[in-house]
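Reader: Hi! I have a structure open and I'd like to talk it through with you. Can we take it step by step?

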Amino acid sequence: MNTLKKAGYLVGLPALLIFIWWFSTQGSTNFFVPKPGTLVEKFVTVWTWDRFMADVLPSLIRLVAGIALAIVLGTALGILVGTNRWLRSLLEPVLEFFRAIPPPVLIPVLMLLIGINDQMKIAVIVSGCIWPVLLNTIEGVRAVDGVLSDSARTFRISGFARLRYLVLPSASPQIMAGVRQCLSIGLILMVISEMFASSEGLGFTIVQFQRSFAIPEMWSGIVVLGLIGVAMSFLFQWSERRILGWYHGLREVEHAE
Amino acid sequence: MQSNPTEGSVQPLLSVRGVQKIYKVDAGEIEAVRNLTFDLRPGELVCLVGPSGSGKTTLLKIIAGLMAPTSGEVVLAGKKVTEPPKDMAVVFQEYGRSLFPWMTVRGNVELPLKNAGIAKAERNQLVDDALEAVGLAHVPTSYPWQLSGGMQQRVAIARAVAYQPKVLLMDEPFAAVDAQTRADLEDLVRSVWEKLGVTILFVTHDIDESVYLGERVVVLSSSPTVVQEDIVIDLPEKRDQLTTRSLPRFVELRNHVYEQIQIAKQNKGQAAPAASAAPRTTVPHVSAATHGVLADGGGSGDGS
Amino acid sequence: MKSAKRLPTGPLLGLAGILGFLLTWELIPRLGVVNPRFLPPASEVLGVFINNLGLGAFWAAVVDTMTGWFLGLLIATVAAVVLGLVIGSSNFLRKATNSTIEFLRPIPSVALIPLAVLLFGFRIESTLLLVVYASFWQVLIQVLYGVADVDPVANNTAKSFGLGRMARIRYVVWPTTLPYLMTGVRLAAAVALILAITASLIIGSPGLGKEIANAQSGGAIAQMYALVLTTGVLGILINMGMRVVERRTLSWHSSVRGEVVV
């Protein structure tokens, strides 16, 4: 009964929405909105294995490479800047400014500096994704608890061990918050870099469909993007729960008090 | 074993000599600690008690090597303390913030040993023994925040004990736990001290606690802090929450400390002459009955 | 710790950081590390930037972008507040919409670019569609958090005094939700600017993005950098502005009072 209820909550509204969509497109000849049946049909015929390998996979590889680089660089730089008060004061305004620049405007800049290739697209993703990770890491590193830090010092935990056992875990909730923002920005930049300057990839394909007025095909591409976004979000939540299990437990205890 | 009638010949393990601390703030200077001198002999359990705001935490940070004194020095086993020394462990008041929340109880106790490069087998033994000693052998895989406050402080004590320090500093460790847990933890400190023979400096603002736990009680004045008095606690070595606290001698000593603190609050930083320790005093026995009770423990009290 | 005292304090160091950055930027093309055709020196770009400030076309582009930003943010906020209060105050609706919201939220807004082009072409409505979609979720989620945070005791107290549904929303739910809402709007404001500029960059609807694309394809490289600089300045101004608004509206609230202003 309980699981049935849960399932009802889970699929109830989506089912209703699809029904409304199906019902309202019955007999309609609206050019922009395809019928659900047509969309499913197109989805299956358009996004074949070959197409996936040719257009989706390269996009995903660039996305993963860019995000991974951004996380590694952002965390490393963040620790460097966050643990050094002098460096932090020096760089803070410059970093704030770079964060304020909407990442997509860097596409034309990086096109000039690097040219139109995979490295450029990865650089675009890195240049947009690095800021949330970097700035959150700085904040997290800075906010290491004073008593905890004293405890570590009295046990002569310093240098790399301090980083490994104190600073990184203590900043990890903030770092993960940065990673979460970084993922959605990464996906956006992946699509845009392909829309703006590319001859392959998911973004390019969707724009091609639109330009050739292949509307159901275009919609099916939007669905693919949506699915990637949802998959990334689930993947993130899953790994976040594993990495930050202690944090959520701690918060729950604190809230209960 | 802790009482030592021939104390004059024993080198102090920990010496606090003329320590002064002045904080520089925007409004000028604040003298938190004026002039503190006292010694801890090996194996002693000394309580440091003072009115709130008497610079106890500042002093403890200086002794722990976390903060440099403005003048004066702290010497541990013949070496001047300039950074947290190897032979010292600290238990902080804020148990919730001194344990690593991302590590299990076992991980917390083990980390300092791992960091010190102690081999795995020996490490495991030390951790097991320490957890056993504080009565936590059953929760090694829990996280600290899953435990009650008292249990968390036990973990912190286990971590300190496993580190095998010569000196254990405790900064108002039980100020944030409830009264019953506190009594249990006080007995735990006594039993750890008796079993391991570690030297303990126990900072507290609770007069009863200081008399109950200590072999000596060092009374601090209000800030700027000096040593108001250094009192020998000549209670029987075997302490018990019920019988010890109802001894007439306990009441006498506690009243004496209480009076000293009242005096301390009134004359700030006036008591001790510069750069010399306050005389170690023995409180005279008032009632004849106490003499009988103290017959076996009397030797410990013979100070200056 | 000791050395930090002798060095200049925060703001001065920050200024030094900015000057250092500009100097590095100036030197890289001048020393030929990067071809000045692709990266003009800082002085040249700043010159163009200042020159832009006197040009009507530049201000028209800024106004177009900011119009898209403001209208989009406004529509998204109103829609999200209304929906958020309705959904949030009903247990049934909250459970029933959860899966749909969690599914729609991560869909990247730029996926709608082709649709926007089909529907509205190069007009400003294209920009609006993207801005509204992207900022809507930021606000909605925060409003839902806020409504969920309403103290049940306060709500029951209000009920026991005979306050109706609307009165409860006005006096209990709304004050609790407001700080969350402001956080949502602040986040949404940043996202909205990104989308307003991106839409104009990719679609070619009027605004700074389009000017950047034109400058790049037309070889006016210094102009392109000056415009990128402009977007950063806008971002900073919006951020600062939103913080001020947040502090003003929530001056009574403990989360703001307790906040250390960094």
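Reader: Nice. Is Glu194(A) buried or exposed? And Arg62(A), buried or exposed?

Author: Glu194(A) has a relative accessible area of 0%, so it is buried. Arg62(A) is buried as well, because its relative accessible area is 4%, and the cut-off for buried is under 20%.

Reader: Okay, and where do Arg51(A) and Asp55(A) lie?

Author: Both are in helix H3 (residues 49–82) of chain A, four residues apart, which is about one turn of the helix. Arg51(A) is partly exposed at 28% relative accessibility, whereas Asp55(A) counts as buried at 12%.

Reader: Why would side chains like that pair up?

Author: Side chains of opposite charge can pair when their charged atoms come close.

Reader: What about Glu83(B) and Arg156(A), what do their side chains meet in?

Author: That is a salt bridge, 3.7 Å from N to O. Glu83(B) lies in the loop between strand E5 (79–80) and strand E6 (88–91) of chain B, and Arg156(A) lies in the loop between helix H7 (146–154) and H8 of chain A, so the pair joins two chains. Glu83(B) is partly exposed, at 45% relative accessible area, and so is Arg156(A), at 32%.

Reader: Switching topic: which chains share the most contacts?

Author: Two pairs of chains are in contact, and chains A and C share the most contacts. Between them, 53 residues of chain C touch 49 residues of chain A. Chain B and chain C have no contact joining them, and their closest C-alpha atoms lie 11 Å apart.

Reader: How much area do chain C and chain A bury between them?

Author: About 4,400 Å², with 81% of it on carbon and sulfur atoms. Leu13(C), Pro114(C) and Leu118(C) supply 13% of the area that chain C buries against chain A, more than any other three residues.

Reader: And how many salt bridges are counted between chain C and chain A?

Author: The count there is zero. For polar contacts across that interface, one residue pair is found, with both residues at pLDDT 80 or more.

Reader: Which helix gives the largest share of the side of chain C that touches chain A?

Author: H11(C), with ten residues. Several helices of chain C each supply at least two residues of that side, among them helix H2 (10–30), helix H9 (165–203) and helix H11 (221–249).

Reader: Which residues of chain C does UniProt list as "transmembrane region"?

Author: The unreviewed UniProt entry lists residues 12–33, 45–63, 69–91, 103–122, 171–204 and 224–245 of chain C. In the model, residues 103–122 of chain C are 50% helix and 0% strand, with end C-alpha atoms 29 Å apart. Residues 171–204 of chain C are 97% helix and 0% strand, and their end C-alpha atoms lie 46 Å apart.

Reader: Now chain B. How many helices and strands are there?

Author: Chain B has ten helices and eleven strands. Of its 304 residues, 54% count as buried. Among contacts in chain B between residues at least 6 apart in sequence, 72% join residues at least 24 apart.

Reader: What is the mean pLDDT of chain B?

Author: The mean is 82, and 87% of the residues of chain B reach 70 or more. Over residues 1–7 of chain B, pLDDT stays under 50, and the model has 16 contacts beyond four places in sequence for them. Residues 271–276 of chain B are also below 50, with ten contacts beyond near neighbours in sequence.

Reader: How should I read places like those?

Author: Where pLDDT is low, the predicted coordinates should not be read in detail.

Notes: Residues are numbered from 1 along each chain as its sequence is written. Chains are lettered from A and ligands numbered from 1 in the order in which they are written. Side-chain values use heavy atoms; hydrogens and water are left out. Buried means under 20% relative accessible area, exposed over 50%, partly exposed in between (1.4 Å probe, protein chains only). A salt bridge is a side-chain nitrogen of Lys or Arg within 4 Å of a carboxyl oxygen of Asp or Glu. UniProt positions are given in the numbering used here, feature names are shortened, and annotations may be inferred rather than shown by experiment. pLDDT is the predictor's confidence in each residue, from 0 to 100. Contact means heavy atoms within 4.5 Å. Buried area is the accessible area (1.4 Å probe) that two parts lose on being put together, summed over both. A polar contact is a pair of N or O atoms within 3.5 Å; within protein, one must be able to donate a hydrogen and the other to accept it, and residues adjacent in sequence count only if both atoms are side-chain atoms.
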